[in-house]
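This briefing sets out the overall architecture and selected local features of the structure shown below.

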Amino acid sequence: MDTNKKFRLTSLATVVSLSILMSGCSMIDTDAQPKDLPEYKLTDWKPSGVPNAGPMSDTVPVLNTFHTMHGSINNTDQLMIATAPEQKLSWVAETQFYVPEGPSIDQQGDLYFSPFRPNEDVSLVALDGKTGERRWTLPAHGDISGSGATLILNSPEHKQEVIYHSTYQNIWAVTTDGDILWTKKTGLTWDTDESASPHAWGVNFVPGLNALSVVTGNGKIMLFDRLTGRPLLEGAFDLPGSAAVNNLDARPPKFVRNWADEAAEEQFGKPESGNGLFTTITDIIFGGGREVTNFYASDPISNRLYVAATAPDELDGTKDDISELGALYALDIVATTEGQYKLDIGGRFDFDGGTGATPSVSNDGQKIFTTDDHGNIIALSRDLTEIWRVNVGEKIAASPAIGADNGEIYAITMHKIVKIQDNGNSGELVWNANLDMFPDFNSINALTPTITANGVAVSIGAVKSYGSVDLMVGVGFGLLDKDTGEVVSFVEGAEESIAVTVLAPDGGYAIGHSPTRRLAAKGILGDNSDAIIGGVARYVPTNPELVARDAVCMAVRYEERQQSYSKIDNEQAYQWDTKQIKVLVNQAENALGRELGDLSQECETLTVKLDKVSNTAT
């Protein structure tokens, strides 16, 4: 061990025991191996009542994979497929890139992602879903900080899927083969004396106007015609907030940031200007110096956007161009002259200390869910009047996942995953998930959850804790039972992510690598920590019959639920369940390579066959 590493550990004397300091890094166990789980069994969970359903659109793709940052335009983080219970790592690609948003996936399983501050002139990279090989790219034109989540929509006019992508200065519509349908300037510029462009938080869709929206980190909002790219606003709308106050106490110490920045340079290259990668990312995470630090939601039933940002500067009592309060804005898109629109603030909900979450909107558009700095998940009406709040004991770290079934909500903190029940006018905490997956290590939540038909897909990290310092040394991806919060399946991961728990149409994970806690650990532990890996990793199902069994048996349960309510009185819900069942049947048929017969019989046959195989193996 070199003396530099010894010095680094000595600097952590307040959190690391003297014996470890004297022994050096070699005394720190970083070999985090996940424990064996009991034999996987399909959950007892069933959907009941009437689903919270939204309108169906020919343009918005079916929810069988992530077509945008949080799965859908209203950010529910719910898919209609089943998560594959048994998976393996298939490939890792483009490891030189840091990927904090995405990837998005088309119906063929190909992937699209935007790297953050790449040392290559690219803002969008398209990968082959089977091999991970690069298919094509879009340029950055120097706008290396400006590219965000990619949106994939059906284009009835072109009879194919189209990729919509934006940086701070440019927006594109591109076919899945990389053919550019149109590209436009956004009209935004930034001071060239600044180190980098403000971030664009990706493209979203406003169904009622057939329009695309873009929101930026400095509070600019733009609208474009989906078919032509024509701007729909007379100049960008500017949110009334200011840059957020830097939460200096929440950030890692400067010496840790410096070491983590050095570790980032080794894998991702040295930034041309400005702060190091780790320092920049943690500033964004803790909201420092930016007006918008999250993705945003499009209301599925009206021409309205919901954006979490900062409140007007003067509301904190001091007019100093720094906002100490956060705010959730409801922004109505209103026609002015023919073909042109403006944004009106239809409502605002202020937060003491701000929010760290992307707002999530229920499928029927009647409730909006957000969080504050004090550990509350808050349910709001469409006019942003508070309905209820539930405190989970720690600051919620990302957007809540909003289930269409049974009033279920899943939220995360930096350490745990909780289930909350929406009872209409009140909410209640149901469980705190048991994440104990790594013997001899603490297990913590590592990513946003994704709701699927057979459970909740999550990421769990292995950490060594020294006082208040957590050093992440391993990570994996698993499935939680919705009823119990127990981990029922798990696969060891290649690298950490701060993006989203993306699933491909086959139920396998597709993870954008954006190591952050791992960079801090790497900076401190040096060679005693595993190498940092960028890019995207694809995990694939290893037991097709098990995937098919879960998909088809859950389809049967959705059929039973659909038969329990009136189609006439609940037509939209009935259509929603019909789509849900079709997605699961398609997943099962693709896994088996054949068409299904009677679903109940198929469920029973697959269950018996898998039980026989299990008994034989035992």
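In this protein, residues 24 or more positions apart account for 61% of the contacts with a separation of 6 or more, a contact being heavy atoms within 4.5 Å. The model is predicted: local features need pLDDT of at least 70, side-chain atom pairs count only at pLDDT 80 or more, and totals for chains, interfaces and linings use all residues. Residues are numbered from 1 along each chain as its sequence is written, and side-chain values use heavy atoms, with hydrogens and water left out.

**Overall architecture**

- The secondary structure consists of eight helices and 34 strands; helices (H or I, at least four residues) and strands (E, at least two) are DSSP runs, numbered from the N terminus.
- The radius of gyration is 23 Å, close to the 25 Å that the globule rule gives for 618 residues, so the protein is as compact as a globular protein of that length. The radius is taken over C-alpha atoms, and the rule is 2.2 Å times the number of residues to the power 0.38.
- Along the principal axes, the C-alpha atoms fill a box of roughly 70 × 65 × 50 Å.

**Surface and charge**

- Of the 618 residues, 60% count as buried; buried means under 20% relative accessible area, exposed over 50%, and partly exposed in between (1.4 Å probe, protein chains only).
- The protein exposes about 23100 Å², of which carbon and sulfur atoms supply 47%. Accessible areas come from the Shrake-Rupley method with a 1.4 Å probe, and for residues only the protein chains shown count as cover.
- There are 47 positive and 83 negative side chains, and the centres of the two sets lie 1 Å apart. Lys and Arg count as positive and Asp and Glu as negative, while His and the chain ends are not counted; the place of a charge is NZ of Lys, CZ of Arg, CG of Asp or CD of Glu.

**Aromatic pairs**

- The structure holds 14 aromatic pairs. Rings of Phe, Tyr and Trp (its six-membered ring) pair if their centres lie within 6.5 Å; planes under 30 degrees apart count as stacked, over 60 as edge-to-face and the rest as tilted.
- The rings of Tyr 98 and Phe 268 have centres 5.5 Å apart and planes at 90 degrees, so this pair is edge-to-face. Tyr 98 lies in the loop between β1 (87-93) and β2 (104-105) and Phe 268 in helix α3 (residues 254-268), so the pair ties together parts that are 170 residues apart in sequence. Tyr 98 is buried at 2% relative accessibility, and Phe 268 is buried at 7%.
- For Phe 369 and Trp 388, the ring centres are 6.1 Å apart and the planes at 55 degrees, so the pair is tilted. Phe 369 lies in strand β21 (residues 368-371) and Trp 388 in strand β23 (residues 386-391), so parts 19 residues apart in sequence are tied together. Phe 369 is buried at 1% relative accessibility, as is Trp 388 at 4%.
- Phe 477, Tyr 509 and Tyr 539 are linked into a cluster by ring pairs.

**Helix α5**

- Nine of the nine residues of helix α5 (residues 517-525) are buried, so the helix is largely enclosed by the rest of the structure. Among these buried residues are Arg 517, Arg 518 and Lys 522.

- Thr 131, in the loop between β4 (124-127) and β5 (134-138), is partly exposed at 41% relative accessibility. Thr 131 and Arg 538 are 407 residues apart in sequence and 9.0 Å apart in space, C-alpha to C-alpha.
- Leu 63, in the loop between α2 (18-23) and β1, is buried at 11% relative accessibility. Leu 63 and Gln 580 are 517 residues apart in sequence and 8.5 Å apart in space, C-alpha to C-alpha.
- Leaving aside neighbours within four places in sequence, Leu 63 has contacts including Gly 71, Met 80 and Trp 576.

**Backbone geometry**

- Most residues other than glycine have a negative phi, and most peptide bonds are trans.
- The peptide bond from Gly 102 to Pro 103 is cis, with omega near 10 degrees; Pro 103 lies in the loop between β1 and β2.
- Glu 94, although not a glycine, has a positive phi of about 55 degrees. Glu 94 is found in the loop between β1 and β2 and is buried, with a relative accessible area of 13%.
- Asn 406, although not a glycine, has a positive phi of about 65 degrees. Asn 406 lies in the loop between β24 (401-402) and β25 (408-412) and counts as buried at 19% relative accessibility.
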